[in-house]
Amino acid sequence: MTSGRRALTALHLLLVWAMMAATVPVLGFGLVMAAWGGGEGATAPVLLLGVPLTVGLLAATAAPVRTVVPLCGSVPQRLGWAVSVFVLGTLGVLAGVAAYGGDVDLGGARTRIALTGAPYAVAAAFFVPSRWVRLGAVTVLAAGVVYGAFIGPAQAEQRRQEAEVARYRGHAELLYLGAAPPGMQLSRAEAGPASFSVDYRGVREDAFSYVALTVRSPLTPTPRCPDLREKGVTCAVDARGEMRVIRDLPSGRHAVTLVRRHRKAEVEVTSQTLGEPGLRRLLNTLHPLSDEELENLLREQKLNHSF
């Protein structure tokens with residue numbers, strides 16, 4: 001390809017890109033406004049007027065390259081070429097809209113408008129009888145597919161996860177976790193506006209074991225036993241300010257609850273299957289929820305929130 005033909009080809013693709021970047025957003029805006037104002041049936045007139053006009057303008061951009069692109073040698077051929085480029089390019093635009101709907105970052109408004117013309121320029125490049133031009137079109141198409149299908153969604157998921165972590169970090173004073181007791185694992189956690197609760201259950205499904213951990217904003221200056229107690233409930237507060245509540249159950253077992261202050265929060269652990277020493281060991285392993293632990297809980301879908 002001579003330098004003159006190269007320049008003419010570059011001008012041709014630039015014209016296709018510029019013209020479609022200017023007309024397609026206008027057509028899309030018209031469709032949205034028509035659908036919003038009069039329902040889906042109101043979009044038909046916009047399509048009947050806008051699509052032929054856009055195809056006609058697209059065919060006009062092919063006139064300067066009728067000696068370069070074989071399909072642009074005559075008016076009927078240019079119209080056929082324009083229809084092909086319009087259909088292929090619109091498929092690319094729809095793919096971009098789908099990617100954008102999936103939170104793939106396509107830049108600001110100006111960048112998105114500029115990108116609107118790119119699929120049409122790539123489609124037009126495939127009709128240029130030059131191996132290098134077509135190779136460039138394939139490269140751009142492949143880059144778009146890789147970004148839209150893999151890189152962009154991965155980045156969107158990363159942003160969503162970072163936003164979710166930041167939301168929980170707004171309640172960092174309550175986000176504490178204890179080491180799971182032997183034979184148990186964390187099964188579920190829930191964060192609320194004034195509390196953070198964690199459930200530990202047995203690793204083996206055939207053996208029942210359960211511990212509930214709750215970290216909340218203190219309701220009283222220090223833990224204290226209620227003045228009125230239910231039958232079968234004993235309560236005591238030791239010299240360190242830790243409260244112990246033992247509740248007799250109809251099955252003959254006991255539910256043990258320990259409450260203590262931890263920094264600015266009040267922490268409660270209770271269980272019917274784990275004794276007081278095990279609950280104390282759990283309290284002694286309390287630590288702030290790390291970013292890694294928080295991300296793992298979110299990834300494993302074990303953490304919910306009510307704020």
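User: Which residue in strand 6 does Thr 234 stand opposite?
Analyst: This is a predicted model, in which local features need pLDDT of at least 70, side-chain atom pairs count only at pLDDT 80 or more, and totals for chains, interfaces and linings use all residues. Residues are numbered from 1 along each chain as its sequence is written, and side-chain values use heavy atoms, with hydrogens and water left out. Strands (E, at least two residues) and helices (H or I, at least four residues) are DSSP runs numbered from the N terminus. In strand 6, the residue opposite Thr 234 is Ile 246.

User: Over how many bridges do strand 5 and strand 6 pair?
Analyst: Two strands pair if DSSP finds at least two bridges between them. The hairpin of strand 5 and strand 6 has five residues between the strands, where Gly 241 takes a positive phi near 90°. The pairing of strand 5 with strand 6 is antiparallel, and its bridges number five.

User: What is the order of the strands in the open sheet?
Analyst: Strands of a sheet pair through backbone hydrogen bonds, either parallel or antiparallel. In this open sheet of eight strands the pairing is mixed, and the order is 5-6-7-8-4-3-2-10.

User: Which residue of strand 7 is the bridge partner of Val 245?
Analyst: Strand 6 and strand 7 pair in the antiparallel sense over six bridges. Their hairpin has five residues between the strands, and Gly 252 in the turn has a positive phi of about 95°. Within strand 7, the partner of Val 245 is Thr 257.

User: Which residue of strand 8 is the bridge partner of Arg 261?
Analyst: Strand 7 (residues 254-262) and strand 8 (residues 265-271) are antiparallel and share seven bridges. Leu 258 stands opposite Val 269 in strand 8, and the hairpin, with two residues between the strands, has Arg 263 at a positive phi near 55°. In strand 8, Arg 261 has as its bridge partner Glu 266.

User: How many of the residues of strand 7 are buried?
Analyst: Buried means under 20% relative accessible area, exposed over 50% and partly exposed in between (1.4 Å probe, protein chains only). Strand 7 is largely enclosed by the rest of the structure, because the buried share of its nine residues is seven.

User: At what angle does helix 7 run to strand 7?
Analyst: Angles run from 0 to 180 degrees between N-to-C directions, and axes are lines fitted to C-alpha atoms, for helices over the stretch in contact (heavy atoms within 4.5 Å). Helix 7 (residues 276-284) lies across strand 3, strand 4, strand 6, strand 7 and strand 8. To strand 7 helix 7 runs at about 25°.

User: Is helix 4 roughly parallel or antiparallel to helix 5?
Analyst: Angles under 35 degrees count as roughly parallel, over 145 as roughly antiparallel, 65 to 115 as roughly perpendicular and the rest as oblique. Helix 4 (residues 109-116) and helix 5 pack at about 25°, with their axes 4 Å apart. Helix 4 and helix 5 are therefore roughly parallel.

User: How does helix 3 stand to helix 5?
Analyst: The axes of helix 3 (residues 75-101) and helix 5 (residues 118-125) come within 8 Å and cross at roughly 135°. That angle makes helix 3, relative to helix 5, oblique.
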